[in-house]
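These are my notebook entries on one protein chain. I set down what I looked up, one topic at a time.

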Amino acid sequence: MLGFLQGLRGSGSATEQLPGDIYSEFFADILREARESGCKPGDQETPQGFSMLRSFDTENSNQLEPPAATDEDVWIFGYGSLVWKADFPYIDRRRGFVWGFKRRFYQHSIDHRGIPERPGRVVTLLPGDPAEDRVYGVAYRIAASQKGAVLDHLDYREKNGYERCSLEFHEYQNTTAAGGGGDPIQVIMYVATQANDSYAGDVWQVPCIARQIFSSAGPSGPNREYLFNLAAAMEQLFPGAVDEHLEELVACVRRHIDEDEPQLMQHALLREISGIMKEEQLPEQAQLLEKLLERCQQPGGREWLLHGALQPKSEA
């Protein structure tokens, strides 16, 4: 980097042209790669990819030798990331739904899909019409011998505002999307209540929630990945089911990626580079540019730039 800067200085390039030259040489590829991978199926973090339905038909358990089922087993219902990311042992799983709730991206995420300074958005459940509203997801059967460890793990995983509750789960039938078959199953699920510190609610409607998802990332990955994974899972596992809130968010975030992301990232990078070039010494400039390049290439680097670009000038 230092050699490149020395070469620019020696070539007599105009001072105002330097940020653009540096951007073209070192940072344009980052923008291009981010655009190419921004909303492709390759973003999926699950090894199942987009074959979830086939997997459900062939693999009921994620254990080589699952323990025998007993009356002491428990069922866990997942309606968010648990649908595609069950990072615990289970001996059976079923597609299905619970009555009387609506799934909404009304919970801030500061430990998985965002960080405290830049929270993301994840789902929780709100009370709905007991006869009309339903939320689709996956129920996992946890062996009695493993339930203590699994519940401890999930309590930690869902520690940011989620609480356990119990209700009835109805299995989804392959032959119809309209009704559940067989007797209901009593399940445990985790719901973020409106009293928790990270509850965001509907203060911001879909366009603002979408912008937050578009520009957020955390230890578990980009927030948009969570949204797209959930939408893909619902489409595959429950064909014909309608979730207007989820569908509107997907459309809005994809529109941001297609129409806004390239310009926002370029603007943010040029602003960062211009600020660095105000340093007086070339070695300091080179060091800071290398740090910027490294940060941009790390997980969440794209979202860090986007978040900064979206802030009002007084906050940026």
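The entries below begin with the whole chain and then turn to selected parts.

**Entry 1: the whole chain**

I note at the outset that the model is predicted. I looked up the secondary structure and found 10 helices and 9 strands in the chain. Of its 316 residues, 49% count as buried. I then looked up the accessible surface, which comes to about 15,700 Å². Carbon and sulfur atoms account for 49% of that surface. Next I considered contacts between residues at least 6 apart in sequence; 79% of these join residues at least 24 apart.

**Entry 2: Ala 139**

I turned to strand β5, which covers residues 134–142 and contains Ala 139. Is Ala 139 buried or exposed? I found a relative accessible area of 0%, so Ala 139 is buried. I then asked which residues Ala 139 touches, leaving aside those up to four places away in sequence. I recorded Trp 75, Ile 76 and Phe 77, then Asp 92, Arg 93 and Arg 94, and finally Phe 169 and Val 187. I also looked up a distance to Leu 82, which is 57 residues from Ala 139 along the chain. The C-alpha atoms of these two residues are separated by 9.2 Å.

I looked up helix α10, residues 301–310. Why is α10 described as largely enclosed by the rest of the structure? The reason is that 9 of its 10 residues are buried. Among them I list Trp 304, Leu 305, Leu 306 and Leu 310, and also the charged residues Arg 302 and Glu 303.

I next examined how α10 packs with helix α9, residues 282–297. Their axes lie 6 Å apart, at an angle of about 105 degrees. Angles of 65 to 115 degrees count as roughly perpendicular, and therefore I describe α9 and α10 as roughly perpendicular to each other. Which residues meet in this contact? From α9 I noted Leu 292, Arg 295 and Cys 296; from α10, Gly 301, Arg 302, Trp 304 and Leu 305. By type, the residues of this contact divide into 4 nonpolar, 1 polar and 2 charged.

**Entry 3: Gln 212**

Gln 212 has 9% relative accessibility; buried means under 20%, so Gln 212 counts as buried. What does the side chain of Gln 212 reach? I found the backbone oxygen of Pro 119, at 2.9 Å.

Methods:
Residues numbered from 1 in each chain as written. Predicted model: local features only at pLDDT ≥ 70, side-chain atom pairs only at ≥ 80, totals over all residues. Heavy atoms only, no water. Helix = DSSP H or I, 4+ residues; strand = E, 2+ residues; numbered from the N terminus. Buried < 20%, exposed > 50% of the residue type's maximum accessible area, 1.4 Å probe, protein only. Contact = heavy atoms within 4.5 Å. Areas by Shrake-Rupley, 256 points an atom, 1.4 Å probe, with all protein chains shown as cover. Axes fitted to C-alpha atoms, helices over the stretch in contact; angles between N-to-C directions. Parallel < 35°, antiparallel > 145°, perpendicular 65-115°, else oblique. Polar contact = N/O pair within 3.5 Å; in protein donor to acceptor, adjacent residues only side chain to side chain.
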